[in-house]
Amino acid sequence: MKTLKKFNKGILEPIQDAIINENVFWLRIMMEHSRFIASLLDQSERNLVQTALKFGDDFETLLNQARDVESMLYRKQPTYPIIGKVNKDSEDAATELRNFKASGLELIKTCQIRNVINPLLADHVLREADHFLYMIHVLEDHLNK
Ligand SMILES: [Fe+2]
């Protein structure tokens, strides 16, 4: 309701706060996806399990860094240049994870890997990575203006 009221009055969240909020939320989701993908693969898929676990650790680091920035800059003025780097680091990591999810989905649909991942779930987590990347690009455009 608060968000809708703000939209109706044409009030936008300051870009720095918007970047912090989106990143803290979606980096946690990407970390969770990586870890449950690792746990739903058959453990004999060693390379894929290792890759998924590495993504989990990478996203945990990025999440902690975004939370550090949150504690330093949330609701602060002016907009600090470092905020663009938070978004860029997320873009790089999310692009890699997105591609991993896309090739995983293909392998699951064609029964080429041992796993208990529902193809609908694999599709869902891929679309969430795409949505995070979409948000990153919208925020980057807004920041550059
Ligand atoms: Fe989801």
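1. Terms and basis. Helices (H or I, at least four residues) and strands (E, at least two) are DSSP runs, numbered from the N terminus. The structure is a predicted model, in which local features need pLDDT of at least 70 and side-chain atom pairs count only at pLDDT 80 or more, whereas totals for chains, interfaces and linings use all residues. Residues are numbered from 1 along each chain as its sequence is written, and side-chain values use heavy atoms, with hydrogens and water left out.

2. Overall fold. The protein chain contains 5 helices and 0 strands, and its pattern along the sequence is α-α-α-α-α. The C-alpha trace spans about 50 × 30 × 25 Å along its principal axes. A contact is counted when heavy atoms lie within 4.5 Å. Among contacts with a separation of 6 or more, 81% join residues 24 or more positions apart.

3. Accessible areas come from the Shrake-Rupley method with a 1.4 Å probe; for residues, only the protein chains shown count as cover. The accessible surface of the protein chain comes to about 8,900 Å², and 56% of it belongs to carbon and sulfur atoms. A residue is called buried under 20% relative accessible area, exposed over 50%, and partly exposed in between (1.4 Å probe, protein chains only). Of the 145 residues in the protein chain, 37% are buried.

4. The loop between H3 and H4. Most residues other than glycine have a negative phi, and most peptide bonds are trans. Arg-75 has a positive phi of about 60° although it is not a glycine. This residue lies in the loop between H3 and H4 and counts as exposed, at 68% relative accessibility. Pro-78 is found in the loop between helix H3 (46–73) and H4. The peptide bond from Gln-77 to Pro-78 is cis, with omega near -5°.

5. The loop between H4 and H5. Cys-111 is placed in the loop between H4 and H5. Its phi is near 55°, a positive value in a residue other than glycine. Cys-111 is exposed, with a relative accessible area of 68%.

6. The iron site. Donors are N, O and S atoms within 2.8 Å of the metal (3.2 Å for Na, K and Ca); water is not among the atoms, so sites may look incomplete. The iron ion is coordinated by His-124 (NE2), Glu-128 (OE) and Glu-128 (OE), at 2.2 to 2.7 Å. His-124 and Glu-128 are separated by about one helical turn, because they are 4 residues apart in helix H5. His-124 is partly exposed, with a relative accessible area of 34%.

7. Two further residues in helices. His-131 is found in helix H5 and is partly exposed, with a relative accessible area of 34%. His-131 and Leu-73 are 58 residues apart in sequence and 25 Å apart in space, C-alpha to C-alpha. Ser-90 lies in helix H4 and is buried, with a relative accessible area of 1%. Leaving aside neighbours within four places in sequence, Ser-90 is in contact with Asn-23, Leu-27, Phe-132 and Ile-136.

8. The cavity. On a 1 Å grid over the protein atoms alone, a cavity is a set of points where a 1.4 Å probe fits but cannot get out, and a pocket is an open set with protein on both sides within 12 Å along at least five of seven lines; lining residues have an atom within 4 Å of a point. Grid points are joined across faces, edges and corners, and a volume is the space filled by probe spheres set on the points. A search of the whole structure finds 1 cavity of 30 Å³ or more. The volume of the largest cavity is about 150 Å³. Of its 15 lining residues, the closest to the centre are Ile-37, Lys-101, Gly-104, Ile-108 and Ile-117. Helix H2 (15–40), helix H4 (82–109) and helix H5 (119–144) each supply at least two residues of this lining, and the largest share, 5 residues, comes from H4.

9. Ala, Val, Leu, Ile, Met, Phe, Trp, Tyr, Cys and Pro count as nonpolar, Asp, Glu, Lys and Arg as charged, and the others, Gly among them, as polar. The lining of the largest cavity has 13 nonpolar, 1 polar and 1 charged residues.

10. The largest pocket holds about 490 Å³ of space. Of the 19 residues that line the largest pocket, the closest to its centre are Lys-6, Phe-7, Leu-12, Glu-13 and Ala-18. The lining of the largest pocket has 10 nonpolar, 3 polar and 6 charged residues.
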